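Have a go at each task before reading its solution.

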Amino acid sequence: MNKETLQQSMYDLIVETSTNLPKDVRRAIRSAKERENAGTRAAMSLDTISNNVKMADDNVSPICQDTGLPTFKIKTPVGVNQLEIKDAIYAAMVQATKDGKLRPNSVDSLTGANSGDNLGLGTPVIKFEQWEKDYVDARLILKGGGCENKNIQYSLPCELEGLGRAGRDLDGIRKCVMHSVYQAQGQGCSAGFIGVGIGGDRSSGYDLAKAQLFRSVDDVNPNEDLRKLEEYVMNNANELGIGTMGFGGETTLLGCKVGVMNRIPASFFVSVAYNCWAFRRLGVKLSEDGGIDEWFYQEGDKIDLTEGSQAELETAAADSGEKPNVVVLEAPITEEKIRELKVGDVVQINGRMYTGRDAIHKHLSDNDAPVDLDGQIIYHCGPVMLKDDEGNWHVKAAGPTTSIREEPYQGDIMKRFGIRAVIGKGGMGPKTLAALKEHGGVYLNAIGGAAQYYADCIKGVDGVDLMQFGIPEAMWHLNVEGFTAVVTMDSHGNSLHEEVDKSSLEKLAQFKEPVFK
Ligand SMILES: O=C(O)C[C@H](O)C(=O)O
Ligand code: SF4
């Protein structure tokens with residue numbers, strides 16, 4: 001293989017995977033849109049997602065700011081030099097990061113230092129396999145952290161909330177899979193796709209689950225039992241009513257793929273890999289010189305998800321009289337203003353917000369803030385940033401991150417610094433809800449994965465603090481215009497997340513009776 005050609009192919013694979021949602025995934029999202037009633041919160045969220053996918057296409061920019069853990073699966077004929085392919089991937093990763101197509105995402109687990117170029121111990125993941133065919137098949141998945149954190153592994157038999165005993169049979173497996181969708185709620189940026197691995201040990205079970213994510217969304221399982229299970233889950237998981245982003249709605253799951261392998265007598269694992277709607281995985285068939293011969297997952301027409309949707313939504317919203325209350329917010333915000341907000345209100349933010357995620361929250365819990373946060377807004381976000389030749393920073397992608405990770409700190413920090421609003425996704429827990437009530441604060445939910453959509457609302461980067469934490473974790477001072485989010489936790493003790501969790505658990509309990517005997 002030609003070194004330059006191979007490197008260019010790996011670069012194209014990375015850039016396309018990060019910026020161009022595969023056609024099979026687009027088809028699944030389009031069907032979800034057709035099921036949602038226009039004018040609802042779920043339909044509006046899907047509309048934002050659709051716009052975001054289109055913007056990523058047009059700008060050749062990351063669909064979501066989270067590059068995730070880039071994982072390559074490569075099949076090579078006997079005799080192909082795998083080390084050359086590895087080197088080409090490393091070089092392409094570095095270049096794609098420099099070009100703002102990937103966020104620097106490789107972090108030293110002990111020191112927290114970001115390597116800056118996406119290379120490091122264990123990153124990217126590259127898995128090779130030999131096969132009898134005479135060409136190289138190279139596939140890549142960029143699976144984000146928020147959905148990765150919602151993966152779950154069951155050891156059968158077990159007791160499941162809502163569903164009771166899950167035994168060592170197909171029906172027990174069915175219960176685990178239904179439960180896995182419930183426990184993810186909206187935190188993995190639902191509606192999601194799941195890969196399920198039955199059997200193996202703790203690590204090979206998860207590998208099998210993740211391997212299912214490389215199947216095309218619209219394929220049919222050749223194993224009749226598994227085909228039935230996949231069909232059952234697709235037909236029933238959407239009854240849980242978790243919906244897009246956990247806002248409630250008709251579509252909670254966009255795809256379910258199940259694989260099976262043998263186990264040992266004492267172990268029976270069911271492993272579930274959860275992938276967000278921003279299901280970024282593509283593949284290529286390489287020619288002998290290392291060029292791209294064919295793209296995978298790209299059969300059929302290219303779908304523009306935005307077609308027709310905006311006008312329909314506006315008409316439907318006007319007809320139903322369901323237009324939400326839209327409130328404009330600009331920091332510094334008073335307690336009085338915050339207490340006027342109720343769950344379901346839509347806010348449009350102008351002016352200043354500060355990013356702050358895991359490292360900042362830990363830092364603020366035992367240090368002073370680098371800026372005055374009184375009346376301010378914190379955005380749980382780790383953006384993709386690029387510096388130009390004059391030293392100015394530009395936002396390349398900036399969607400919200402999963403807020404629940406900040407649950408141990410959030411309430412205390414809001415009270416201590418006078419923060420009035422936090423923006424994130426997936427919602428927060430009882431400790432934060434109590435602090436919002438006591439102090440006068442709100443939690444605002446932005447649409448997870450809509451990194452282009454929000455980047456477009458950011459009109460300038462006015463400064464940055466705590467850069468030692470690396471680009472995703474630093475405190476960026478952003479100037480925004482028309483940044484839209486929904487109030488999902490207010491200062492009166494109401495939480496949409498708590499409500500959806502409760503109602504979906506009740507619905508889950510309806511699937512308790514045996515189905516596969
Ligand atoms: O790291 C991020 O930017 C987001 C992450 O993928 C998440 O879903 O929380
Ligand atoms: S923010 Fe949401 S869409 Fe992006 S990687 Fe995380 S889970 Fe996926």
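**Exercise 1.** Is Asn-118 buried or exposed, and where is Asn-118 found?

*Solution.* Start with the accessibility: Asn-118 has a relative accessible area of 3%. Buried means under 20% relative accessible area, exposed over 50% and partly exposed in between, with a 1.4 Å probe and protein chains only, so Asn-118 is buried. Next, locate Asn-118: the residue is found in the loop between helix 4 and strand 2. Here helices (H or I, at least four residues) and strands (E, at least two) are DSSP runs, numbered from the N terminus. Finally, check the backbone: Asn-118 has a positive phi of about 70° although it is not a glycine.

A word on conventions: this is a predicted model, in which local features need pLDDT of at least 70, side-chain atom pairs count only at pLDDT 80 or more, and totals for chains, interfaces and linings use all residues. Residues are numbered from 1 along each chain as its sequence is written, chains are lettered from A and ligands numbered from 1 in the order in which they are written, and side-chain values use heavy atoms, with hydrogens and water left out.

**Exercise 2.** What is the phi of Gln-185, and is Gln-185 buried or exposed?

*Solution.* The phi of Gln-185 is positive, about 45°, and the residue is not a glycine. Gln-185 sits in the loop between helix 6 and strand 7 (192-198). With a relative accessibility of 10%, Gln-185 counts as buried. For background, most residues other than glycine have a negative phi, and most peptide bonds are trans.

**Exercise 3.** Which residues does the cis peptide bond with omega of about -10° join?

*Solution.* That bond joins Thr-123 and Pro-124. Pro-124 is in the loop between helix 4 and strand 2 (125-131). Now look at Leu-156 and Pro-157: the peptide bond from Leu-156 to Pro-157 is cis, with omega near 0°. Pro-157 lies in the loop between strand 4 (152-155) and strand 5 (158-160).

**Exercise 4.** Describe how helix 1 packs with helix 4.

*Solution.* First, the geometry: helix 1 (residues 3-19) and helix 4 (residues 82-98) have axes 8 Å apart, at an angle of about 50°. Axes are lines fitted to C-alpha atoms, for helices over the stretch in contact, and angles run from 0 to 180 degrees between N-to-C directions. Then classify the angle: under 35 degrees counts as roughly parallel, over 145 as roughly antiparallel, 65 to 115 as roughly perpendicular and the rest as oblique. Helix 1 and helix 4 are therefore oblique to each other. Last, the contacts (heavy atoms within 4.5 Å): residues of helix 1 including Leu-6, Met-10 and Ile-14 meet residues of helix 4, among them Ile-85, Ala-88 and Ala-92.

**Exercise 5.** How are helix 6 and helix 15 arranged?

*Solution.* The axes of helix 6 (residues 170-184) and helix 15 (residues 496-508) come within 10 Å and cross at roughly 170°. That makes helix 6 roughly antiparallel to helix 15. Met-178, His-179 and Tyr-182 of helix 6 make the contact with Asp-501, Ser-504, Leu-505 and Leu-508 of helix 15.

**Exercise 6.** Which residues of helix 11 are buried, and which are exposed?

*Solution.* In helix 11 (residues 358-366), Ile-360, His-361, His-363 and Leu-364 are buried. On the other side of helix 11, Lys-362 and Asp-366 are exposed. The buried residues pack against strand 14 (377-379), helix 12 (407-417) and strand 20 (475-489).
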